[in-house]
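Have a look at the structure first, and then at the points below.

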Amino acid sequence: MAGLFGVLNAGTNGMSAAQAAMQTTSNNISNANTEGYSRQRVNLVTNNPYTLSGVGQLGTGVRMESVTRVVDDYLVKQTFTENGSLEKFTQKADLLGQLESVFNEPSETGLNNKLTEFYESWKYLGNNPELTTSKTMVSQQAQTLTDTVSHMGAQLDTLQEGTVQAISKKVLDFNTKVEQLEAINTQIFSVVTKGEMPNTLLDQRDKLVGEISGITSVEVKTDAYQRTFISIEGEEILGANKRQELSVAIGDTSGGGTRISTNGSTSKTVESSEAFPAGTLLLQKTAEDGSVQFTELASKSGHISGSQEALVEIDRGIQELNQLVSTVVKAVNLVHSDNGTGIPFFDLGDDPDNIISNFKVNSAITEDPRKIVSGKSLTGQIAGDGTRARAIADIQSAALSYASEEPLAFDADTMKITAQPNGTTTADAYNDIITRVGISKQQADFMMENQNEVVSFLEQRKSSISGVSINEEVVNIMKFQSAFQANAKVLAVTSEMLDTLINRTGV
């Protein structure tokens with residue numbers, strides 16, 4: 001359209017475009033501190049021109065093409081991945097810190113000090129076998145040792161169970177967020193098929209996917225309708241017409257199978273004939289014959305992965321501590337009972353695989369410490385003979401293999417325990433456990449710090465692209481205000497020109 005009415009139309013379009021841009025700018029400012037919000041921008045394009053014969057093309061103004069989010073999709077996906085790794089090392093470092101606090105070394109109240117005091121009491125008895133108080137001291141130090149180990153065992157069990165429960169809760173959180181993502185996908189599909197851009201829904205989608213990636217490692221795909229689908233190790237968890245829920249192994253059954261928490265709820269469990277370690281991520285499937293099967297899924301990043309790796313360290317700590325204490329207890333019993341002839345010093349309890357939670361000092365000895373054998377003879381105490389007590393004190397420096405299942409051998413003539421291949425002292429064996437835990441914690445801390453730097457850098461880049469700058473938006477306000485006022489002036493002038501043309505030319 002040419003002429004004054006064409007100018008009027010172009011001015012009207014210009015005012016509408018400036019008004020929409022102003023509204024978008026206002027929305028950006030309002031959401032400057034909204035988590036997950038991406039800055040929006042009005043995309044303006046030139047209207048199709050009008051062709052005037054013999055003259056050429058005349059512009060007809062501006063039109064709004066779309067309102068889009070200002071995002072870098074590659075950067076967003078990279079942030080998801082790196083944040084998942086940060087969650088992994090943060091969780092691992094936290095749990096290993098708790099594991100370190102259980103061992104509490106170096107400390108006067110730690111196990112290392114209690115073992116030393118226990119052996120020192122035997123050494124004192126060996127030098128003062130005629131004193132009843134020296135036997136009482138051995139009994140009391142032994143009870144302190146068992147109390148210390150039992151307390152550590154209880155703390156380790158609690159940490160182990162708490163870690164499995166934390167994984168179970170995260171699985172429930174994962175399933176809930178996947179369900180929410182499915183609902184958002186449905187809304188996005190409805191909006192996109194109408195030819196509109198669901199900016200707010202896309203922000204909510206990205207925020208949810210980021211939270212899901214922080215729980216466990218997922219592969220993310222987006223279709224032509226902007227719907228996001230996720231899978232784990234090729235197993236589709238959320239698709240266009242499919243949603244599956246994760247489960248987690250929480251313990252062993254009496255029959256040798258596994259108790260499985262379905263949908264992350266520890267109050268609703270099923271039993272599986274297959275054996276899975278506690279904390280294993282599982283996907284429930286129904287076979288063609290109708291039977292329910294569980295497939296193990298690997299979590300390579302996220303909160304669950306960190307918990308699983310820490311759980312391995314916790315389990316290993318429990319196992320190594322149990323082996324250490326078991327070897328010490330069996331060695332003391334072997335020497336004190338003279339290869340099983342006399343009474344054992346320690347009672348191993350009902351579960352030989354879990355000595356740290358069950359062993360205690362023989363009740364006969366706690367009731368009467370005089371039954372402690374300090375001399376070489378089991379039947380008659382020779383005055384001043386502390387040979388057997390000194391032999392037990394020497395266990396501290398004996399070369400024993402604490403991880404070996406090879407039985408200990410005691411020579412009653414030499415009063416020595418036979419050294420084992422690759423053996424080490426009690427203190428060195430315990431220090432190895434503490435050192436390994438410390439190194440694992442240090443590595444987790446180092447990785448967490450490095451990953452935090454990476455995530456911070458990516459977040460800064462993301463903020464520089466998608467974040468709202470108040471200063472920039474204020475400049476936009478002035479720019480669009482000027483555009484609105486200028487177009488209003490065009491309309492006013494055009495109105496006057498039309499008035500002159502219609503009312504004052506006498507036509």
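1. A salt bridge here is a side-chain nitrogen of Lys or Arg within 4 Å of a carboxyl oxygen of Asp or Glu. Please keep in mind that the model is predicted. By this rule, the count comes to 20 salt bridges.

2. Let's start in helix α5, where Lys207 and Glu211 are four residues apart, and therefore separated by about one helical turn. Their side chains meet in a salt bridge, 3.0 Å from N to O. Lys207 is partly exposed at 33% relative accessibility, and Glu211 is partly exposed at 28%.

3. Helix α9 (residues 426-466) holds Lys441 and Asp445, also four residues apart. The closest N and O atoms of this salt bridge are 2.6 Å apart. Lys441 counts as buried, because its relative accessibility is 14%.

4. Glu472 pairs with Arg39 in a salt bridge, with 3.8 Å between the closest N and O atoms. This pair links distant parts of the chain, 433 residues apart: Glu472 sits in helix α10 (residues 470-503), and Arg39 in the loop between α1 (4-30) and β1 (40-46). Glu472 is partly exposed at 38%, whereas Arg39 is buried at 13%.

5. Do look at Ser217 too, in the loop between α5 (199-215) and β5 (219-222). Ser217 is buried, with a relative accessible area of 14%. A polar atom of the Ser217 side chain lies 3.0 Å from the backbone nitrogen of Lys300.

Technical notes
Residues are numbered from 1 along each chain as its sequence is written. This is a predicted model: local features need pLDDT of at least 70, side-chain atom pairs count only at pLDDT 80 or more; totals for chains, interfaces and linings use all residues. Side-chain values use heavy atoms; hydrogens and water are left out. Helices (H or I, at least four residues) and strands (E, at least two) are DSSP runs, numbered from the N terminus. Buried means under 20% relative accessible area, exposed over 50%, partly exposed in between (1.4 Å probe, protein chains only). A polar contact is a pair of N or O atoms within 3.5 Å; within protein, one must be able to donate a hydrogen and the other to accept it, and residues adjacent in sequence count only if both atoms are side-chain atoms.
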